[in-house]
Amino acid sequence: MRGLFLLNPDAYDAIYGPHERAGIARLVEIVAPLQTAQSVRTDPAVLADVDVILSGWGMAVLDEALLAAAPCLKAVFYGAGSIRYFATDAMWE
């Protein structure tokens with residue numbers, strides 16, 4: 001399974017510490033450096049082969065354009081509070 005982290009850099013260590021990242025690494029091949037909402041909007045090709053997004057504060061809005069760039073996406077793991085700000089009807093479909 002291929003994935004990437006997509007969140008604010010400040011939140012990365014708070015949500016995904018060394019222990020959590022080690023566990024994730026046993027299950028997921030991380031295919032790119034830490035991404036932000038801005039970086040995936042600038043270069044959505046980074047999402048092309050991603051099966052999972054590991055996220056938290058600063059997640060990109062999962063609109064039709066972003067989802068079209070991530071045709072293999074199966075799951076988003078969000079290590080924070082509400083998903084309302086990034087969840088769209090397109091995501092639920």
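Two strands are counted as paired if DSSP finds at least two bridges between them. Helices (H or I, at least four residues) and strands (E, at least two) are DSSP runs, numbered from the N terminus. The structure is a predicted model, in which local features need pLDDT of at least 70, side-chain atom pairs count only at pLDDT 80 or more, and totals for chains, interfaces and linings use all residues. Residues are numbered from 1 along each chain as its sequence is written, and side-chain values use heavy atoms, with hydrogens and water left out.

The chain contains 5 helices and 4 strands, arranged along the sequence in the pattern β-α-α-β-α-β-α-β-α. Strand S3 (residues 52–55) is joined to strand S4 (residues 75–78) by 4 bridges, and the two run parallel. In this pairing, Ile 53 stands opposite Val 76 in S4. S3 also pairs with S1 in the parallel sense, over 4 bridges; here Gly 3 stands opposite Val 52 in S3. Together, S3, helix H4 (residues 64–69) and S4 make a right-handed β-α-β unit (right-handed: with the strands pointing away from the viewer, the path from the first strand over the helix to the second runs clockwise).

From S3, Val 52 and Leu 54 point one way, Ile 53 and Ser 55 point the other way, and all are buried (under 20% relative accessible area with a 1.4 Å probe, protein chains only). Over the chain, buried residues make up 38% of the 93 residues.

The whole structure holds 2 aromatic pairs (rings of Phe, Tyr and Trp, the last by its six-membered ring, with centres within 6.5 Å; planes under 30 degrees apart are stacked, over 60 edge-to-face and the rest tilted). The ring planes of Phe 5 and Tyr 12 stand at 80°, with centres 5.2 Å apart, so this pair is edge-to-face. Phe 5 and Tyr 16 also form an edge-to-face pair, at 5.1 Å centre to centre and 65° between the planes. Because Phe 5 lies in strand S1 (residues 2–6) and Tyr 16 in the loop between helix H1 (9–15) and helix H2 (18–27), the latter pair ties together parts that are 11 residues apart in sequence. Phe 5, Tyr 12 and Tyr 16 form one aromatic cluster. Phe 5 and Tyr 12 are both buried, as is Tyr 16.

Among contacts (heavy atoms within 4.5 Å) with a separation of 6 or more, 62% are between residues 24 or more positions apart. The C-alpha atoms fill a box of roughly 35 × 25 × 25 Å along the principal axes.

Definitions and conventions:
Buried means under 20% relative accessible area, exposed over 50%, partly exposed in between (1.4 Å probe, protein chains only).
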